Amino acid sequence: MPPAPPPSLSTWARNIAPSPTLAVDAKAKALAAAGQDVCSFAAGEPDFDTPQHIKDACAAALQSGKTKYVATSGIEELRSAVAESYGTAYGLKVAPGQVVVSPGGKFSCFLAVLATCSPGDEVVIPAPYWVSYPQMAKLAGAVPKPVLSTDRSAFKLTPEQLDAAITGRTRLLILNSPNNPTGAVYSRAELEAIVGVAVRRNIYILSDEIYENLVYDGLRTTCTATLGPEAEARTIIVSGFSKTYSMTGWRLGTLVGPPAIAKAVAELQSQMSSNATTFAQYGALAALKEKEKTRASLERMLAAFDRRRLLMHAGLSNIPGVSCLLAQGAFYLFPNISSFGLSSLEFCEALLERERVAVVPGSAFGAEGYVRMSYATGDETIVKGLARLANFCRGLKA
Ligand SMILES: Cc1ncc(COP(=O)(O)O)c(C=O)c1O
């Protein structure tokens with residue numbers, strides 16, 4: 001008798017879909033490593049290095065022995081600085097006890113879902129959505145309920161759509177503005193209308209504001225928790241250091257919520273990861289404390305992103321069959337490629353195969369007929385990649 005095979009994997013392991021954005025990025029990197037000339041628009045991270053003063057503060061902390069466990073929610077100085085930053089940026093009064101520093105905004109989001117949803121609960125997720133939200137809901141035993149908006153409504157959920165999607169089982173709405181993958185930014189009035197429905201129907205809001213500082217055209221973002229006391233009592237704000245300070249590899253996220261939620265999240269984190277890396281937190285502290293240096297770095301990065309945004313948008317608008325909204329936040333454009341009659345996955349696979357250009361299919365974000373293109377890459381890559389994309393599209397039209 002042959003030995004019995006080992007037991008099967010768990011439901012969680014079998015049901016999880018790996019991140020398609022990371023998969024496309026990995027494929028593009030593998031082709032490049034094999035000597036191929038690839039133009040990749042797949043990355044979800046700034047192509048700038050972490051500012052020097054942040055690295056210096058981290059290195060100094062490491063040298064001085066900040067290498068041990070600290071409080072689960074993060075070092076006191078950093079939680080205070082995060083709390084204070086909400087006062088400065090949005091006039092929101094936050095106590096340090098409402099702040100949890102975690103190993104990445106991704107983990108903050110997951111803990112927020114775990115703290116609010118029980119098995120069988122429903123989570124309303126406006127689509128196009130960041131790839132991880134539905135998977136996080138499923139990992140909590142909850143049921144993701146995507147609600148699709150298209151480019152005709154500027155990729156924004158309407159209050160009517162939200163009202164219709166909420167049932168007796170709905171516990172949570174996940175908002176993400178500025179948005180990944182569309183770059184859409186809700187105005188204050190638009191957010192007020194949506195949050196008004198969430199408050200009336202008494203559900204929690206996970207407001208993922210990780211791109212809050214990456215906006216263009218003089219726009220200012222609205223922090224969802226500032227929309228009145230009832231909104232504040234139901235809102236969990238997630239942000240982090242990855243995007244604003246070019247610190248993706250540092251794995252540092254933040255969560256700000258009502259005290260009971262922050263306490264629950266800290267307790268979950270205490271069993272799942274303990275504190276975020278101790279010396280990395282000192283680097284993050286420098287990002288918030290050394291304001292002038294940080295602002296200068298951010299402005300340099302934003303100026304480059306803005307220039308590339310306009311460059312990419314102009315190039316896409318010149319390709320027959322492609323239409324693209326000019327997004328005002330994050331570092332993505334989400335062009336409509338539905339006129340070519342291919343699924344977004346077929347389009348992306350053929351584009352990578354024929355022209356060595358990597359973009360991410362809209363289907364990964366719950367929106368067929370689009371692709372996501374990141375402009376967090378050099379101007380030269382944008383010019384070359386757009387010429388190849390135009391050539392590819394001409395071939396499809398012919
Ligand atoms: C919408 C959104 N939220 C959260 C994150 C998580 O970022 P991190 O875990 O690096 O802090 C990302 C990263 O791609 C994102 O796009």
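This is a predicted model: local features need pLDDT of at least 70, side-chain atom pairs count only at pLDDT 80 or more; totals for chains, interfaces and linings use all residues.
**Stop 1: the largest pocket**

Select Ala 89, Asn 213, Thr 244, Tyr 245 and Leu 298; among the 31 lining residues, these lie nearest the pocket's centre. (On a 1 Å grid over the protein atoms alone, a pocket is an open set of points with protein on both sides within 12 Å along at least five of seven lines, while a cavity is a set where a 1.4 Å probe fits but cannot get out; lining residues have an atom within 4 Å of a point. A volume is the space filled by probe spheres set on the points, which are joined across faces, edges and corners.)

Next, colour helix H4 (76-90), which gives the largest share of this lining, eight residues. (Helices, H or I of at least four residues, and strands, E of at least two, are DSSP runs numbered from the N terminus.)

Now show domain 1 (11-49 + 294-397) and domain 2 (54-290): both give residues to the lining of the largest pocket, so it lies between them. (Those bounds come from an automatic or database domain assignment.)

**Stop 2: the second largest pocket**

Here you'll find about 580 Å³ of space. Pick Leu 22, Gly 44, Lys 106, Trp 130 and Lys 243, the closest to the centre of the 28 residues that line it. Then highlight helices H2 (20-33), H5 (105-116) and H6 (132-139), the elements that each give two or more residues to this lining. H2 gives the most, with four. Domains 1 and 2 both contribute to the lining again, so this pocket lies between them too.

**Stop 3: the cavities**

The structure holds three cavities of 30 Å³ or more. To find it, select Pro 126, Pro 128, Asn 176, Asn 179 and Tyr 186, the closest to its centre among 17 lining residues. Strands S3 (122-127) and S5 (170-176) each give two or more residues to that lining.

Last up is the second largest cavity, at about 40 Å³. Its lining includes Leu 92, Gln 98, Glu 232 and Pro 258.

Technical notes
Residues are numbered from 1 along each chain as its sequence is written. Side-chain values use heavy atoms; hydrogens and water are left out.
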